[in-house]
Each structure stands twice: as structure tokens, then as C-alpha cells.
Amino acid sequence: MASTAAGKQRIPKVAKVKNKAPAEVQITAEQLLREAKERELELLPPPPKQKITDEEELNDYKLKKRKGFEDNIRKNRTVISNWIKYAQWEESLKEIQRARSIYERALDVDHRNITLWLKYAEMEMKSRQVNHARNIWDRAITILPRVNQFWYKYTYMEEMLGNVAGCRQAFERWMEWEPDEQAWHSYINFELRYKEVDKARTIYERFVMVHPEVKNWIKYARFEEKHGYIAHSRKVYERAVEFFGEEHVDENLFVAFAKFEETQKEFERVRVIYKYALDRIPKHQAQELFKYYTMFEKKFGDRRGIEDVIVSKRRFQYEEEVKANPHNYDAWFDYLRLVENDADPDTVREVYERAIANMPPIQEKRHWKRYIYLWINYALYEELEVKDPERTRQVYQACLDLIPHKKFTFAKIWLLYAQFEIRQKNLQGARKVMGTAIGKCPKNKLLKGYIELELQLREFDRCRKLYEKYLEFSPENCTTWIKFAELETILGDMERARGIFELAIGQPRLDMPEVLWKSYIDFEIEQEEFGNTRNLYKRLLQRTQHVKVWISYAKFELSIDGPDRLQRCRQIFEEANKSMRNCEEKEERLMLLESWSDFEKEFGSESTMERVRKLLPEKVKKRRKLTAEDGSDAGWEEYYDYIFPEDAANQPNLKLLAMAKMWKRQQIVNEEVVPEIAPGAEEATSSSSSSPSPPPSTSDEVAAPPENDSDRNAAAEAEQEKTYDDRDDDDSSSESDSDDEDDGKKKKKEEEEKPSGDEDKD
């Protein structure tokens, strides 16, 4: 029991924090870390230094360390870092033989570890054991011949020792394994350091066979050129061209070959090389070749040669693009633009014919939109550049025969054809073209273009007929009705214009009826037919009760000079207000009242202004519940609503607010009237304080009475800006009544419990 009790540790009680308020001076984590750094709290003291005074202590120390290393190795033989640390420690004690033994033991464990071989060889080189190091490198490259690091260090060591023959022998052994390019360059640079150019050439010959790449052949040729062997360099380039043949030809080889000949002033040979290469290399792979050929011609050729190079380069490029994708119309446009600037008309026509032969595979308008511009450009080229009207007419006719008009058409082609005929002074032909277009495929754009054409020719009877055709085709187009009426107005036939407007507003379906009605009303106002305008407004209001129509009607009445214009305007506002009482859009109703208020401010009296002011709604803030798409609760949203005094549905809420205001005002008056009462008269005051309870307030707490008029106004405004919870809009009136009753019961209970108002004051 004693041992058990002794074994238990008593856990100290944690002191309860009584004051949980935040400290006045706060401290951040950054400050804590800074203080810890300044005080260096986490720095551990260094271990004590051990001083060895005699040989016996040294032997004990060595024995202890060796035992620790051997234990670590025994625990896990495969951790090479333990072996290396052990060997380096022995090396630091100048125990080379022991370190060597440790490395050999480690190599028995893992002979493919590169770091182990490197550390072993470096130790031998540090201790100047050259033969041992050579032996280690030889073993390493025999076991791991693909590790280039061993070869680099081996050859570097031999060269530093001045053993050139041994270094060359190591390189030869390395080259038998056909290493990467850098190894060959190292061998070549080694030979060049000792001025062995012939041996370097022999190495290059083997190198380009092992790594047959264009850049290596170019390096070989530049090597010969650098050492002054021009004929050898040219021969290397020629051999490279033969070696790669026409199947694996590369532009970089020809660019280098041409640059070499250019430095030798062999310009004709350069030109032949470039042309030979351009004939055999695909154009999309010869961008650099064209670039250098152009630069060469700019330096050493004439102007015609330069232009030929540029044009041929771009032409080849475009030919490749259109050959790869014949339906790439953007490439055809660029190609045709190039050919038009440089070639003769026959060549341009040939390219145009090739381009327009590539019809879109699908008869959908979106696929034809780019293609149709080929025909347009072709026709414009024939008309403007070649000046051949007959061929232009043939191009237009062929294009129109090609388009499937039953599925879709292009009004642009018809209009351009008609304008071309007018430029050729063939008015009858232009009308025939437009008539065919309207007969085959009537479109808004075609009809508009034909009408504009006849308007420019001042053929108004034809315009009337076209407008009639247009309206037969599209009777719901309000713009057409308006334009037709405007034409008749310009011609001075007001009755026809009015008849057109009447027909228009009588259509069962219109795309923009509001624009049409506005145009009709503006037309009547311009003609100063105010009676007709009033009738129009009344007819429009029978169809729609939009607030802007009412406001426009009122402004119209206000704009007419007359003794009763203000009365008419005010009457319209009143009618609008009555008709919009049942309107769900409260913002529109508010807009109407604001417009009415602005009118009264400018033209009305104080009484009329006060009357409109009483009609203005109160702006209240409400909340409504939001529901996510999956039906879950998404929280609450606040919004503003307007409570109109005339609105019967909102009477309970307004009654509640009015009662609260009245009670508040009564409290303020009582506070001002009742004088200070002596303490002895408390009973009388208490009996008077138990008078009928005040009406229920909308707030839970009764505010203290304001001390002056400004406080009263502030309290009244605060009561007006009351916030409501609109959790269930349908039951708002019933909830307000129930709240009214509950608040009344609470007030009565409070009045019974509290002694008196004067006692509370004291």
C-alpha cells in the first residue's frame, strides 16, 4: 500500500480564473516569439568540452566511439551514411588503414552506391595514395560503367598527374561504351589541349557516327573551319547533306552551309544552296531558311530578287495552308490579297476560281458567312480592278445561283448586285434584281434596302407599294409602320398617316407597341390635335396601366396652354392614384406620387402639397425567409417595403403605429404638465398613476420621455423608421392584432405590480 501510495502523484489543482475579461494590454503571438528570441529561451547550452590529457584516455575515447559506430552498423547495415561517418572519423584520426577497411566492408554491403565509391577515392587522393586511388577508380568504372562521374574524375586525376597516355587510355575505354555527347566533347577538348588536331578529327569521325545529328555534323565542320581546313569543312557539309538525304533533310544544316559559303565569298554557291533547300524542304519547316535567304538577298542581291523571295515565301506558305485545309477561308483571303498586289489578272482569276470551288459542306448559314465574301471580293475585283462589267455580272449571277434560297439567303449579295446595276445606269435591271430577291426570299434587310433605293430615286408611289408588301410580310414590325407614317407625313398626307397609325395599333401582335403608341401620340401633338391626343391616351390606358403612361399624360395636359390645365393635370394624377391602388408594384405607385408631389411643389398650394404628402407611403424595413434550390433554409433577407396610408390591407399596422405615437405624445405632455410633487403626496399621485393603462407600444421597452422638442422629433422619427419581421406576409395583420392584445395584457400586469409613477421617480 505504501509503495502504491508513493507511486501515485498528486495532480495540482488548477486555479480557477475568476476574472475572465480580456486584459487591458493585449500581447500577440509575434511579440511572444520576439521576446523568446531576445531572451534566447530555446537555445540549449553547448555540451561540455572533453579534454584528453594522456594516451590512455585517448584509447578509451577511441574505443568508446568505435563501439558506438559498430553498434550503429550492426543495427542497420544498409544505412551507408553510418559507414561513411565511421570511415571519415577514422580518416580524421589519420587511421587510413582502418578507414580503408571500413570502406571495403561497406562496399561488400552495397557495391552500387555511387557516393561510397566517390568518398573512398577522394580519401585515397587526399592521402596521396595515387595507386590506391587509381585502383579504386578502375574498379568503379568496371562495376558501374554508365556513371559518367567516375569517368570524369578518373580522367581529371590522370591529367592532373600528367599521365596523358593513361588519361587517353581511360577516355578510349569510356568511348567504347558510346556515352553521351558531352563525354565526346571532353575527349576532343582533351586532345586539343595537347595540340593533337588529327586525333581530334578522328574522334569527330567516330562521334558523328555514334550520334548522327545535324548539330554534331555542323560542329565537326566548324571545327575544321576554325583550324583553317576550308576544303575539309566544305567536304564535311557535303557529306552531311548526302548522309541525311532528302527524307531527313534539316533547314539548319543548309543555313549553316550557306553561312559558311557566304564567309568564303562564294555567293553563287550560297544562292544555289538556298534554292536547293527550298525545293526539298516542306514550307512549314523552312521558316528560318526563308528568313536567312531574304537577309542574304538584301545584302548581296538586287531589288527584284528580294521581292521574288518575299512573295514566293508567302505564296508557298499560303499554298501549304490552303492545301492542308481548303475550307480555311481566312487563308484564301490572305492569299488572294497577296496575288492581287503582284500577279496578272489571269493568275488572280485562277486563284479566285480555286477558292470559290471550296463550297461549305453543310447548308447552314453560319458556315457560309465567310465563304460568301470570296464571291463579293471576286465581283469587286472584276468591277474595280479589271473594269469588266460583264464578267462582274456573271460573278454575281453565279453566286446567286449557288445560294440555296429556300433555306437561307444573303441580302448583302442582292443589294450589292442592284447597286452595281445602278452604277452601270441599268435601273430596270436593278429593280428586276430586287424584285426577284423579294419574290424568292423576302427579308427585312432586303425590303429596307429596296425602299431606301426607291427613296433615293424619289419614287414615292413605289415606296408606298413596297411598304404595303413589307407590312404584309411582317405586320408586327412597329418600325416599319412608323417609317411608313413618317413618309406620309413628309409627303403632307396627314389622313393617310393617321390611318396607318390606326391600322398599326389595331394589330393583334406587335414587337414594340410602346414605341408605336409614342410615335402616334407625338404625331398628334405635332399636328396640335389635342383632342385626338387625349383620346389616344385614354385608349392606351385601357390597355395598360403603366405609371409612365399616366405621368406622360399628366405632363401632356400640363404642356397645353389653358386656364384649366393645372386642374386637368391634378385630376389625371388623382385618377392614376385610384387606379394604381391595387397595383402590386409599389415602386411604380411611389414614382407616381413623387411625380405628383413635384408637380404640386411647382404649381400647387400648401393645402394640395399637404394632401399629396399625406398620400406618400412610409418606408419600412422587413425580413423574409430565403429558401435554397434544394429546399433548405438559406437564412433571412432584409428588404424595404412601402406602407401606403390608403392601402386597406396595411391598416392594422398603421393603426398600431398611430396608437404608439399618440401614447408617446401623451406621455411627453404629462411629463411637462405635472409639477414636482412633495414626498408626502405620494398616495394621491399613486392613485392617479393607476389610471387606465396607455395603449400598447410596438417596442418591448418604454423609452424615457425626451427632454426637449428636438428629442421629441428624434423619437417620433425613430418610431416611424420601425423595422418589421416579414416572416409570413399573409398573416401580418393577424399577427399585429395578436401582438396588440399581448402587449395590452403585459401593460396591465405591469401597472398592477408597480406601486406608482412618483415612487419610481423618487
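Author: A residue counts as buried when its relative accessible area is under 20%. The model shown here is predicted.

Reader: Why is M609 called buried?

Author: The relative accessible area of M609 is 19%. The cut-off is under 20%, so M609 counts as buried. M609 lies in helix α34, which covers residues 606–615.

Reader: Which residues does M609 touch, leaving out those up to four places away in sequence?

Author: M609 touches E600 and K601. As for F599, its C-alpha atom lies 9.1 Å from that of M609, and the two residues are 10 apart in sequence.

Reader: What makes S595 buried?

Author: S595 has a relative accessible area of 16%. Buried means under 20%, and therefore S595 is buried. Its place is in helix α33, residues 586–603. Beyond its neighbours within four places in sequence, S595 is in contact with I551 and F573. S595 and F573 are 22 residues apart along the chain, with 8.9 Å between their C-alpha atoms.

Reader: How do you know that R66 counts as buried?

Author: Its relative accessibility is 15%. With the limit at 20%, R66 therefore counts as buried. R66 sits in helix α3, residues 55–75. Not counting residues up to four places away in sequence, R66 touches Y86, W89, E90, E95 and R98.

Reader: What is the relative accessible area of E124, and is E124 buried or exposed?

Author: The value for E124 is 0%. Since buried means under 20%, E124 is buried. E124 is found in helix α6, residues 114–126. Its contacts, apart from residues up to four places away in sequence, are R100, Q129, H132, A133 and I136.

Reader: Why does K94 count as exposed?

Author: The relative accessibility of K94 is 70%. Exposed means over 50%, so K94 counts as exposed. K94 lies in the loop between α4 (80–92) and α5 (96–109).

Reader: What makes the phi of K94 worth a remark?

Author: Most residues other than glycine have a negative phi. The phi of K94 is near 65 degrees, which is positive, and K94 is not a glycine. E178 is also not a glycine, and it has a positive phi of about 50 degrees. E178 is placed in the loop between α9 (164–175) and α10 (181–193).

Reader: Why are α21 and α23 called roughly parallel?

Author: Helix α21 (residues 371–385) packs against helix α23 (residues 411–423) at an angle of about 10 degrees. Angles under 35 degrees count as roughly parallel, and that makes α21 roughly parallel to α23. Their axes are 11 Å apart. On the α21 side the contact is made by I372, Y373, I376 and E383. On the α23 side it is made by K412, I413, L416, F420 and R423. By class, this contact of α21 with α23 has 6 nonpolar, no polar and 3 charged residues.

Reader: How do you know that α31 and α32 are roughly antiparallel?

Author: Helix α31 (residues 547–559) and helix α32 (residues 565–579) pack at about 170 degrees. Roughly antiparallel means over 145 degrees, and α31 and α32 are therefore roughly antiparallel to each other. The distance between their axes is 8 Å. W550, Y553, A554, E557 and L558 take part from α31. The residues of α32 in the contact include R565, L566, C569, I572 and F573. The contact of α31 with α32 divides into 9 nonpolar, 1 polar and 4 charged residues.

Reader: What makes a set of residues a nonpolar core, and how many residues has the largest?

Author: A nonpolar core is a set of buried nonpolar residues of listed types, joined through side-chain atoms within 4.5 Å. Apart from it lies another core of 36 residues, among them V395, W414, F420 and V433.

Reader: Which residues does F150 touch?

Author: Residues up to four places away in sequence aside, F150 touches I114, W117, L118, W137, A140, I141 and L144.

Reader: How many helices and strands has the protein, and what share of its residues is buried?

Author: The protein has 39 helices and 2 strands. Buried residues make up 36% of its 762 residues. Its accessible surface comes to about 48000 Å², and 49% of that belongs to carbon and sulfur atoms.

Methods: Residues numbered from 1 in each chain as written. Predicted model: local features only at pLDDT ≥ 70, side-chain atom pairs only at ≥ 80, totals over all residues. Heavy atoms only, no water. Axes fitted to C-alpha atoms, helices over the stretch in contact; angles between N-to-C directions. Helix = DSSP H or I, 4+ residues; strand = E, 2+ residues; numbered from the N terminus. Parallel < 35°, antiparallel > 145°, perpendicular 65-115°, else oblique. Contact = heavy atoms within 4.5 Å. Nonpolar A, V, L, I, M, F, W, Y, C, P; charged D, E, K, R; others polar. Buried < 20%, exposed > 50% of the residue type's maximum accessible area, 1.4 Å probe, protein only. Areas by Shrake-Rupley, 256 points an atom, 1.4 Å probe, with all protein chains shown as cover.
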